[in-house]
Amino acid sequence: MLLRAEQSYDEKPIFAVNKAAFATDAEARLVDMLRSDGDLYFSHVVEENNAIIGHIALSPMDVLANDQPIKALGLGPVAVAPNRQGKGIGSQLVRAAINWAQSQDWQLIILLGNPRYYSRFGFSVEDAKPFSSPFAGPYFQALWLDATVQKPQSGRAEYAPGFGRL
């Protein structure tokens with residue numbers, strides 16, 4: 001298996017793996033919208049035998065914490081081909097995204113996902129609670145990458161525009 005950055009020739013296979021991994025093609029269309037908007041800051045794939053079997057995306061967010069701007073990313077979607085799920089590919093992708101965000105001095109990553117899965121990487125529903133968002137709820141989670149930032153009492157978190165167009 002090879003973990004690598006998306007290349008231009010990967011667009012159709014990325015669409016296909018996202019479509020296969022989810023109940024609808026919404027996530028696949030979201031990746032295409034983020035890409036066309038220039039909001040696909042991190043797009044990596046896992047390739048095996050010349051086939052894309054996994055994909056992850058990070059996009060910029062507009063986040064305020066206690067009325068101060070925070071350098072934040074939205075994680076998602078994360079997709080793994082159905083016949084390859086449960087083999088650690090998703091975890092490999094999530095760790096790569098977190099490591100990249102840390103290396104680029106991002107302060108926060110927010111996502112929508114199953115807390116039982118994402119808590120293993122340090123994401124927390126509790127850390128996302130101060131942020132108002134149309135996506136707030138039991139699957140809205142945050143991971144602070146910058147330990148020097150004081151966790152906010154209030155804030156807001158807005159995903160890249162592509163999320164609102166779904």
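This is a predicted model: local features need pLDDT of at least 70, side-chain atom pairs count only at pLDDT 80 or more; totals for chains, interfaces and linings use all residues.

User: What describes a pair of aromatic rings?

Analyst: Such a pair is described by the distance of the ring centres and the angle of the planes. In this structure, a search of the whole model finds 10 aromatic pairs. For Y159 and F163, the ring centres are 4.5 Å apart and the planes stand at 40°, so this pair is tilted.

User: Are Y159 and F163 buried or exposed?

Analyst: Y159 and F163 are both buried.

User: Which residues form one aromatic cluster?

Analyst: One cluster is made up of Y117, Y118, F121 and F123.

User: Which residue lies over the face of W106?

Analyst: That residue is K71, at 4.9 Å from the ring centre of W106.

User: How much space lies in the largest pocket, and which residues are the closest to its centre?

Analyst: The largest pocket holds about 590 Å³ of space. Its lining comprises 27 residues, of which F22, P77, V78, L112 and Y118 are the closest to the centre.

User: Which elements give two or more residues to this lining?

Analyst: They are the helices α2 (26–37), α3 (89–103) and α4 (115–118), together with the strands β4 (68–80) and β5 (108–112). The largest share comes from β4, which gives six residues to the lining.

User: How do the lining residues of the largest pocket divide into nonpolar, polar and charged?

Analyst: In this lining, 17 residues are nonpolar, seven are polar and three are charged.

Note on methods. Residues are numbered from 1 along each chain as its sequence is written. Side-chain values use heavy atoms; hydrogens and water are left out. Rings of Phe, Tyr and Trp (its six-membered ring) pair if their centres lie within 6.5 Å; planes under 30 degrees apart count as stacked, over 60 as edge-to-face and the rest as tilted. Buried means under 20% relative accessible area, exposed over 50%, partly exposed in between (1.4 Å probe, protein chains only). A charge sits over a ring if NZ of Lys or CZ of Arg is within 6 Å of the ring centre and within 35 degrees of the ring normal. On a 1 Å grid over the protein atoms alone, a cavity is a set of points where a 1.4 Å probe fits but cannot get out, and a pocket is an open set with protein on both sides within 12 Å along at least five of seven lines; lining residues have an atom within 4 Å of a point. Grid points are joined across faces, edges and corners, and a volume is the space filled by probe spheres set on the points. Helices (H or I, at least four residues) and strands (E, at least two) are DSSP runs, numbered from the N terminus. Ala, Val, Leu, Ile, Met, Phe, Trp, Tyr, Cys and Pro count as nonpolar, Asp, Glu, Lys and Arg as charged, and the others, Gly among them, as polar.
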